[in-house]
Amino acid sequence: MFVRTWRNRIVKWGIRETRILRYALGSTLAMAIALGFAWPLSYLVPVLILGFLDPKSKPPTIKSSITFILILDIACILGVVISQYLLDYPLIHLTLMGLLFLQLFYAKKSSINQDLKTWIMVAGLIIPIMGLASQGLDIMVAINIAIGAVIMVIINLFIYMILPESEVEKKEADAVLLSNEVSQSIRFSEAVTSLIVIMPVVILFYLFNWYNYVLVLIFIAMLGSMPALSKSFATGKVMIIGNLMGGALAIIVYEVLVMVPHFYFLIWIMFLAALYFGTELFSDKKAAPLYGMAFSTLIIVIGSTTTGTSNAGEKVWIRVIQIAVAVIYVVLAYRFLDKWKEASGDKERGKVEVA
């Protein structure tokens with residue numbers, strides 16, 4: 001009865017207001033659960049749930065949620081298998097990983113959405129790398145990623161239950177999905193480009209056992225699979241600016257928390273920040289995506305530095321620098337590939353003219 005009355009009230013709200021509140025409540029609830037229970041890698045839940053609450057997200061269903069969990073569980077099991085049996089054969093391991101990622105990038109958005117791709121990539125990258133650090137750690141990481149995914153799905157379903165989707169939103173989501181579909185040749189080109197951006201870093205991580213810098217790899221995987229970066233350098237600049245904005249705000253929030261070190265105060269700050277960034281993200285401003293990037297950076301920095309470590313103050317700066325390095329690398333890598341394609345195209349046109 002209560003839920004039905006609440007849903008009737010929500011219907012009377014504007015679509016934008018509902019989306020903003022959904023964004024703020026979902027991210028704050030995920031942050032509260034992640035920091036409250038603080039299981040390993042819990043800080044990934046609030047940042048990865050943002051993809052399910054942004055303007056282009058499609059509302060969840062019970063079927064899609066169960067499918068999401070099953071596919072991710074399979075990815076986690078595959079990550080453990082690779083870690084247990086293929087780490088001693090890096091050529092085979094990296095080749096297999098490259099082929100899997102290529103297929104993942106090439107898949108149609110109607111078959112597998114960007115959010116699931118991100119979770120699969122995170123699982124496929126982190127689990128084997130943790131296997132390099134310690135035997136058995138890969139299994140623990142796989143279990144924690146699976147737990148995080150289940151919690152994220154439950155939060156997402158709950159948020160859409162109390163803040164339901166309108167008929168207009170359903171039509172918009174279907175229209176966005178159809179408009180995002182591209183030809184096979186374009187999808188393959190974008191997939192190869194994303195693979196070229198990500199794999200060199202993956203290889204370096206395995207060669208030098210950089211498991212302590214796994215956050216850098218996570219961000220490179222998340223951003224490297226975004227074909228929009230290959231189409232516009234302006235998008236890349238937005239990513240860099242948004243990262244710097246979120247990093248600066250994370251430092252300010254941490255300093256405030258040092259003065260008032262209370263859990264509920266942190267959650268209240270994050271809710272206010274989510275409302276502000278959500279208001280800007282769900283606007284018609286050209287810089288709207290910048291605020292989504294800034295908020296994700298804020299969440300992951302605060303989430304990864306407030307888990308009970310004594311050197312949290314130092315970790316804030318380290319996390320901000322790590323994320324900045326990841327974003328700048330991805331943007332410059334896409335920019336380099338774009339310039340290289342342009343140069344190759346000019347050479348081909350020159351040969352044709354000479355002929």
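**Buried and exposed parts of a predicted model**

Helix 4 (62-85) and helix 5 (90-106) each supply at least two residues of a nonpolar patch, where helices (H or I, at least four residues) are DSSP runs numbered from the N terminus. This is a predicted model, in which local features need pLDDT of at least 70, side-chain atom pairs count only at pLDDT 80 or more, and totals for chains, interfaces and linings use all residues. Residues are numbered from 1 along each chain as its sequence is written, and side-chain values use heavy atoms, with hydrogens and water left out.

Q: Which helix gives the most to the nonpolar patch?
A: The patch on the surface is formed by Ile77, Leu78, Val81, Tyr85, Leu96 and Leu100. With four residues, the one that gives the most is helix 4.

Q: Is Tyr85 buried or exposed?
A: Tyr85 has its place in helix 4. Buried means under 20% relative accessible area, exposed over 50%, and partly exposed in between (1.4 Å probe, protein chains only). Because its relative accessible area is 62%, Tyr85 is exposed.

Q: What relative accessible area does Thr28 have?
A: Thr28 lies in helix 2 (residues 15-37), and it touches Ile267, Met270, Phe271 and Ala274, not counting residues up to four places away in sequence; contact means heavy atoms within 4.5 Å. Thr28 is buried, with a relative accessible area of 9%.

Q: How many residues of helix 10 (residues 214-224) are buried?
A: Among the buried residues of helix 10 are Val214, Phe219 and Gly224. Helix 10 is largely enclosed by the rest of the structure, because the buried residues number 11 of the 11.

Conventions:
Patches are made of residues with over 30% relative accessible area and no salt bridge: like charges are joined within 9 Å, nonpolar side chains (Val, Leu, Ile, Met, Phe, Trp, Tyr) within 5 Å. Accessible areas come from the Shrake-Rupley method with a 1.4 Å probe; for residues, only the protein chains shown count as cover. A salt bridge is a side-chain nitrogen of Lys or Arg within 4 Å of a carboxyl oxygen of Asp or Glu.
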